[in-house]
Amino acid sequence: MSRKRIVLLLIVLLVVDQVVKIWVKTNMALDQSFTVFPNWFFIRFIENPGAAFGFQLGGSYGKLILSVFRLAAIAALGYYLAVLLRKKAPTGVLVGFTLIFAGAVGNVIDSAFYGLLFSESTFTGVATFLPEGGGYAGFLHGKVVDMLYFPLFSGVYPSWLPWVGGEPFLFFSPIFNLADSYISVGIIYMLLFQRKFFK
């Protein structure tokens, strides 16, 4: 795959991710949802102050450490993607790493800039873009917008299972965004179809 096509793919992935997030942020209140397909696919707006699946370090410094770690990971991924392009790696490998890189960049955009660009989202009102009094947080202290919710099925754990026996469960309960999807799809794709590359 050529350098131009990789750059084009990266731009398309990032634009789609940001358009969806900005639309949700400026049109939905926190925890508001609507049905896409009954019983299994919903758009439900939440904000994630930390990393994947809500992992976070406490306080302002914890948020800053997570953001700096994300930036370092993006720099390393970007450098490695450039090396792969230079070495004319197989197209599948380039696509897989581009997905992972685009996902990482997409979420860093939220945490780096959304606090500066938007007012606070609340349970009763939607955020505004470039509010008069300034944004809700400083640089690298913004929250990541999540909205994809797939509660595919629910049930009860069998009683013989230790610790969780008899407890209800829901699959799949995490709420995520397109950037998270890019990362997950890229990693799974690489592990399933590009194993030769890792050897």
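This is a guided tour of a predicted model, one selection at a time.

**Before you start**

Residue numbers count from 1 along each chain as its sequence is written. In this predicted model, local features need pLDDT of at least 70 and side-chain atom pairs count only at pLDDT 80 or more, while totals for chains, interfaces and linings use all residues; side-chain values use heavy atoms, with hydrogens and water left out.

**The whole chain**

Show the protein chain as a cartoon. You will find 5 helices and 6 strands. Both are DSSP runs, numbered from the N terminus: helices are H or I with at least four residues, strands are E with at least two. From the N terminus on, the order is α-β-β-α-α-β-β-β-β-α-α. The C-alpha trace spans about 55 × 50 × 35 Å along its principal axes.

Now colour by accessibility. Of the 199 residues, 39% count as buried. Buried means under 20% relative accessible area, exposed over 50%, and partly exposed in between, with a 1.4 Å probe and protein chains only. Take the contacts with a separation of 6 or more: residues 24 or more positions apart account for 63% of them. Contact here means heavy atoms within 4.5 Å.

**Helix H1 and its partners**

Select residues 3-27, which are helix H1.

Which residues make the contact between H1 and H4? From H1, show Leu13, Val16, Asp17, Val20 and Lys21. From H4, show Leu178, Ala179 and Tyr182. By class, this contact has 6 nonpolar, no polar and 2 charged residues. Nonpolar covers Ala, Val, Leu, Ile, Met, Phe, Trp, Tyr, Cys and Pro; charged covers Asp, Glu, Lys and Arg; the others, Gly among them, are polar.

Stay on H1 and pick Ile11. Ile11 is partly exposed, at 46% relative accessible area. Its C-alpha atom is separated by 8.2 Å from that of Ala102, 91 residues apart along the chain.

Next, pick Trp23 in H1 and Phe34 in strand E1 (residues 33-37). They sit 11 residues apart, and the pair links distant parts of the chain. The ring centres are 6.4 Å apart and the planes stand at 85°, so the pair is edge-to-face. Rings of Phe, Tyr and Trp (its six-membered ring) pair if their centres lie within 6.5 Å; planes under 30 degrees apart count as stacked, over 60 as edge-to-face and the rest as tilted. Trp23 is partly exposed at 44%. Phe34 is partly exposed too, at 36%.

The structure holds 18 aromatic pairs. Now select Phe37, Trp40, Phe41, Phe150, Phe153, Tyr157, Phe169, Phe171, Phe172 and Phe176: they form one aromatic cluster.

**The open sheet**

Strands of a sheet pair through backbone hydrogen bonds, either parallel or antiparallel. Show the open sheet of 4 strands, in the order E1-E2-E3-E6, with antiparallel pairing. Two strands pair if DSSP finds at least two bridges between them. Which strands lie at the edges? They are E1 and E6 (175-176), each pairing on one side only.

Start at E1. There, 4 bridges join E1 to strand E2 (residues 41-48). Thr35 stands opposite Phe42 in E2. E1 and E2 form a hairpin with 3 residues between them. In that turn, Asn39 has a positive phi of about 75°.

Move to E3 (residues 144-149), which pairs with E6 over 2 bridges. Tyr149 stands opposite Ile175 in E6.

**Backbone stops in the loops**

Most residues other than glycine have a negative phi, and most peptide bonds are trans. Select Asp31, in the loop between H1 and E1. Its phi is positive, about 70°. Asp31 is partly exposed at 37%.

Leu140 lies in the loop between helix H3 (91-117) and E3. Its phi is also positive, near 70°. Is Leu140 buried or exposed? At 8% relative accessibility, Leu140 counts as buried.

Finish at Phe171 and Phe172, joined by a cis peptide bond with omega about 20°. Phe172 is in the loop between strand E5 (168-171) and E6.
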